[in-house]
Number of protein chains: 2
Amino acid sequence: MGLRELKRERTRRLISDKAFELFTDHGFGRTTVEQIAAAAEVGPSTLYRYYPTKETLVLEFVEDSMFGALNWFREQPAELDLPDGLQSVIELVLDQLERNPDRVRAVYELAGQTPSVSAHLAEVTWRWRNELTVELAGRLAGDSVEFTAALAAGAVMNIIEVVVQTWVDNPDGTEVKDLAHEAMGLLRGGGIPLPTVQP
Amino acid sequence: MGLRELKRERTRRLISDKAFELFTDHGFGRTTVEQIAAAAEVGPSTLYRYYPTKETLVLEFVEDSMFGALNWFREQPAELDLPDGLQSVIELVLDQLERNPDRVRAVYELAGQTPSVSAHLAEVTWRWRNELTVELAGRLAGDSVEFTAALAAGAVMNIIEVVVQTWVDNPDGTEVKDLAHEAMGLLRGGGIPLPTVQP
DNA sequence: AAGAATTTGGTAGTAACTACCATATGACTG
DNA sequence: CAGTCATATGGTAGTTACTACCAAATTCTT
């Protein structure tokens, strides 16, 4: 790897880290892009080359985790058993997110406080689900392939979101693995049941 | 109703209509707020009092449709059968959206072209699902109520999104009612099944 | 070491949005 | 009906995210 790529990765990381520092200290809205650039000792112009919007600064890690798993799925052979494959996708995303729990918590913290952040977070998951739908549809046969694929992709997305949300909301609660296992059991058992138990 | 409220509703509608006209004609990004204000013959300052962001101009109708159904659900008695209630919620949202098919199509058109619109659309559905989760959790008993409620709310949201998406994507395809019926059958039959049919 | 390719930082400009104030308009009271 | 109060409007000034563009600096190639 040349010096060029090395420096690129270094400044990219530097910008991202400084941004998170400022965001968590003073809030997303009260931090300007110029302040981030100054803290990372680069020009605002350079910052924008790495991160086209302020929100991408927050969401890079989550986006990478999710699309990394999606790309793995894309590379699997066509004969892959779909339930197995989708289960692996869920596990991959969660594993990836667990590599940096503080960052994930910080992202959800910021999303809870700032509408534009939660909007972009929602957009990332929305885009991810759409791309998973396309990939799934390509691996299916039969009638109304798009429809079925969209429902399944939505179910997968749903499980990931609920597990992450539960995990983030109570830090000392159940382990992610257990939550994922429970949700996955429901998924493989035929889907997500409607609740019938009422007080 | 006094003259004041009447005028308020009238200008609100005027602004919204002019905005949609400009958005569909020239695109979301190529329309400025000042142009919309000028077309509606109000000051930009007034426009911002009705619509805090440019995106709310696009999403008002969808948001109202969705949260209208949610509010109906909130007003139901505690003894309401949940599967029935959730099915009604889905039907209500779809009925409401079908009252203005052109607008719905336009919204999804704009969302497809403009990231910030799709982000805010995703945020609306995300917030809706969260609030449905809270309402559902309050009506459930047993263990891990939050978890179950979140999964169920996600499943409901998922069905709505897939039906609307399918409806928007192929204008001359199946009727919304039929799509909803099919999806609802899956939901009531135990959930959303993972696809197993492969080529 | 010279030249090519890429990265950087700065400048100028656009447009969304906020805070604030003076004016106008509909609503209520004697 | 006149006067007053509450609310809606429009304008001004300013902040900030983001874009387009160019000259200088840095890295890569030969």
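**Close-up views of a predicted protein–DNA model**

By class, five nonpolar, eight polar and eight charged residues make up the surface near DNA strand C. The model is predicted: local features need pLDDT of at least 70, side-chain atom pairs count only at pLDDT 80 or more, and totals for chains, interfaces and linings use all residues. Residues are numbered from 1 along each chain as its sequence is written, while chains are lettered from A and ligands numbered from 1 in the order in which they are written.

**View 1. The surface near DNA strand C.** Around DNA strand C there are 21 residues, of which Val42(A), Gly43(A), Ser45(A), Thr46(A) and Gly2(B) come nearest. A residue is near a strand if its C-beta atom, placed from the backbone, lies within 6 Å of it. At least two residues each are supplied by α1 and α3 of chain A and by α1, α2 (33-39) and α3 of chain B. The largest share, four residues, comes from α1(A). Helices are DSSP runs (H or I, at least four residues), numbered from the N terminus. In the class counts, Ala, Val, Leu, Ile, Met, Phe, Trp, Tyr, Cys and Pro are nonpolar, Asp, Glu, Lys and Arg are charged, and the others, Gly among them, are polar.

**View 2. The surface near DNA strand D.** DNA strand D is surrounded by 20 residues, the closest being Gly2(A), Thr53(A), Gly43(B), Ser45(B) and Thr46(B). Chain A supplies at least two residues from each of α1 (3-26), α2 (33-40) and α3 (44-50), as does chain B from each of α1 (3-26) and α3 (44-50). Five of the residues are nonpolar, eight polar and seven charged.

**View 3. The annotated segment of chain A.** An unreviewed UniProt entry carries the annotation "DNA-binding region" for residues 32-51 of chain A. UniProt positions are given in the numbering used here, feature names are shortened, and annotations may be inferred rather than shown by experiment. The end C-alpha atoms of residues 32-51 of chain A lie 14 Å apart, and the span is 75% helix and 0% strand.

**View 4. Packing of α1(A) with α2(A).** The axes of α1(A) and α2(A) come within 9 Å and cross at roughly 125°. Axes are lines fitted to C-alpha atoms, for helices over the stretch in contact, and angles run from 0 to 180 degrees between N-to-C directions. The two helices, α1(A) and α2(A), are therefore oblique to each other; angles under 35 degrees count as roughly parallel, over 145 as roughly antiparallel, 65 to 115 as roughly perpendicular and the rest as oblique. In the contact, α1(A) contributes Leu14(A), Ile15(A), Lys18(A), Ala19(A) and Leu22(A), and α2(A) contributes Gln35(A), Ile36(A), Ala39(A) and Ala40(A). Residues are in contact if their C-beta atoms, placed from the backbone, lie within 7 Å. Seven of these residues are nonpolar, one is polar and one charged.

**View 5. Packing of α4(B) with α5(B).** Helices α4 (residues 54-74) and α5 (residues 82-98) of chain B have axes that come within 8 Å and cross at roughly 150°. That makes α4(B) roughly antiparallel to α5(B). From α4(B) the contact takes Ser65(B), Met66(B), Gly68(B), Ala69(B), Trp72(B) and Phe73(B); from α5(B), Gly85(B), Val89(B), Leu92(B), Val93(B), Gln96(B) and Leu97(B). The contact has eight nonpolar, four polar and no charged residues.

Definitions and conventions. Contact = placed C-beta atoms within 7 Å.
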